[in-house]
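Reader: I am new to this structure. Please take me through it, and tell me what each label rests on.

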Amino acid sequence: MGWYEGKKEKSAVPPAKALWDVCPKCMSHFPKGKWKANGKICPKCNYHGRLSARERISMTADEGTFEELYSEVGYSDHLKFHDATGDYRSKIEAVKAKTGEGESIVVGKCAIGGHRAMLGVMDFSFMGGSLGTGTGERIARAVELAVKERRGLVIFSASGGARMHEGILSLMQMAKTSAAIGRLKAAGLPYISVLTDPTTGGVSASYAMLGDVNLTEPRALIGFAGRRVIENTIKQKLPDDFQSAEYLEKHGFIDRVVERGEMKGFIAKLLSYFGVSK
Amino acid sequence: MKAIEKVRIARDPRRPHFREFVKYVCDDFEELHGDRLVNDDRGLVGGLGKIGGFRCVVLGHNKGASVEENMESNFGMANPDGYRKAMRLASLAERLGMAVVTFVDTPGAYPGREAEERGQAEAIAKSLEFFSALRAPVVVVITGEGGSGGALAIAVGDRILMMENAVYSVISPEGCAGILWRDGSKAPEAAEALKITAPDLLSLGVIDEIVKEPKGGAHKNPKSACLAVKRSVLAQLKSLSKVPINELVDQRYAKFGAMGRFA
């Protein structure tokens, strides 16, 4: 869990970067601008690249319906955590300034294809999408409100796992969010979980894997333990597609791998099947 | 005592393991096997136990006391099959009016190929959802290493006890040091920063009670260490047995809901 800081993108192409867009999955080069023009989807391998929470919200919520909630809930530095590279507080304040977000998830109510929804979207660029106390609290409150207002729950995950800097209380957010989702299900409401690239560690091992329907995008990385950790443990090389969206679908943990352009329509259809009112 | 010294004691191979806890805490114990799906995990074991008149489902990570047992049980690192077995057994408690007692001692969930293919993440997630709503009293004892999600999967309960020298953490100190210090040998610093000892967790509201250990650690006198655990477990079972089940489940939900709520 929480290995994301070691995963800083080290794509070996700094000089070419000015001229080319590079797919972080297959390393194919494209003329500058093509990556964005193609919706951050690789024209070659169909890897669906990472999006910010705001980009995802704008392509999921019906236009003008998203009402953000609990933005006042943020991180907590109850451990006064610091490591070799500095203190948590300054790190996360820098991330807040850079991303404009207050936590690794944005939650709010909206309509999706007209259906009453509670939407949560994680942002991997915020501390590797790590699950901190603020993240867990935003989710728990959103889920509880969804029960009160009879809304279907949709969460897009993107995370390296629990946030180390908030210690054991980060771990406890796994229990808290899972408990809240259990209550939503017991109240007869559906939960659609979309595990986007990457969803691993404590987030895959809590709310992300608990969907009544689990969806993902082509070539997303989804797993519990990191590939290197597993290879070191079992002393074997793993198949290339290990922990890919398609691999998880084959093994029975994902209902459908959905193209980005189809995602909103499919979620709306599921909400309709599940009887979520308009 | 430095946090890293507690980590060493918590991992000491002489420290009482699941079998010893069962021997001294339970008046009787019968192991039951299998998840009814694919396998009988040996890293997480369980069965039926009587504790001072309480009929219980007893679950725990099993690091093993011999090299053979260590290998068979992956040093207490459970597979998804282990968590699914735990849920199967714990659901008996709900249906048949029993309590659940769990002993937590694991470096973490097993990081293996089959574990991933059989849904390690899903199994842990489902356990968290399951134990949060289980309609039976649940007493958890962190006895040694509370390693991340693999520990938490059987550590959602009404009362969380922790032995004096046990540790409980979101990531191992070595893992954290490797990532945030970029140097695994900085584990002592990471252990300190993560706040993983019993007194730390008591003050953070994550555990309810610290169970004292014999001087020098539980391995110096396993029997007396286990009997101290028994006294605490029994007292908690008694107090929980007085709470109506609906109230108990609501209190458990509120207990975990309050963790990390600062506003």
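Reader: How do you know that strand β7 and strand β8 of chain A pair?

Author: This is a predicted model, and the pairing is computed from it. Two strands pair if DSSP finds at least two bridges between them. Strand β7 (residues 115–122) and strand β8 (residues 152–159) of chain A have five bridges, in the parallel sense. Five meets the cut-off of at least two, so they count as paired. In one of the bridges, A:Gly120 has A:Ile155 in β8(A) as its partner.

Reader: Which strands make up the open sheet of chain A, and in what order?

Author: Seven strands form it, in the order β3-β6-β7-β8-β9-β10-β11. The pairing is mixed.

Reader: What makes β3 and β11 of chain A stand at the edges?

Author: Each has a single partner strand. One side of β3 (67–69) and one side of β11 (256–257) is therefore left without a neighbour in the sheet.

Reader: Which residues of chain A have a positive phi without being glycine?

Author: A:Met27 is one of them, with phi near 65°. A:Arg219 also has a positive phi, of about 65°. Most residues other than glycine have a negative phi. A:Met27 is in the loop between β1 (20–22) and β2 (29–31) of chain A. A:Arg219 is in the loop between β10 (213–216) and α7 (227–234) of chain A.

Reader: Why is A:Met27 called partly exposed?

Author: Its relative accessible area is 40%. Buried means under 20% and exposed means over 50%. The 40% of A:Met27 lies in between, so the label is partly exposed. A:Arg219, with 29%, is partly exposed by the rule too.

Reader: What makes strand β6 of chain B largely enclosed?

Author: Four of its five residues (159–163) are buried, so the rest of the structure largely encloses β6(B). β6(B) pairs with strand β5 (residues 138–147) of chain B in the parallel sense, over four bridges. There, B:Val139 has B:Arg159 as its bridge partner. Three bridges join β6(B) to strand β8 (residues 209–211) of chain B, and these two run parallel. B:Leu161 is bridged to B:Glu209 in β8(B).

Reader: How many residues do the two chains bring to their contact?

Author: Chain B brings 48 residues and chain A brings 56 residues. The area buried between them is about 4400 Å², and carbon and sulfur atoms give 70% of that. B:Val170, B:Leu180 and B:Tyr253 supply 16% of the area that chain B buries against chain A, more than any other three residues.

Reader: How do you know that B:Arg261 and A:Glu137 form a salt bridge?

Author: The cut-off is 4 Å, from a side-chain nitrogen of Lys or Arg to a carboxyl oxygen of Asp or Glu. Between the side chains of B:Arg261 and A:Glu137 the N to O distance is 2.7 Å. That is within 4 Å, so the pair counts as a salt bridge. The rule finds three salt bridges across the interface of chain B and chain A. There are also 12 residue pairs in polar contact.

Reader: What gives the most to the side of chain B that touches chain A?

Author: α6(B) does, with nine residues. That side of chain B divides into 27 nonpolar, nine polar and 12 charged residues.

Note on methods: Residues are numbered from 1 along each chain as its sequence is written. Chains are lettered from A and ligands numbered from 1 in the order in which they are written. This is a predicted model: local features need pLDDT of at least 70, side-chain atom pairs count only at pLDDT 80 or more; totals for chains, interfaces and linings use all residues. Side-chain values use heavy atoms; hydrogens and water are left out. Contact means heavy atoms within 4.5 Å. Buried area is the accessible area (1.4 Å probe) that two parts lose on being put together, summed over both. A polar contact is a pair of N or O atoms within 3.5 Å; within protein, one must be able to donate a hydrogen and the other to accept it, and residues adjacent in sequence count only if both atoms are side-chain atoms. Ala, Val, Leu, Ile, Met, Phe, Trp, Tyr, Cys and Pro count as nonpolar, Asp, Glu, Lys and Arg as charged, and the others, Gly among them, as polar. Buried means under 20% relative accessible area, exposed over 50%, partly exposed in between (1.4 Å probe, protein chains only).
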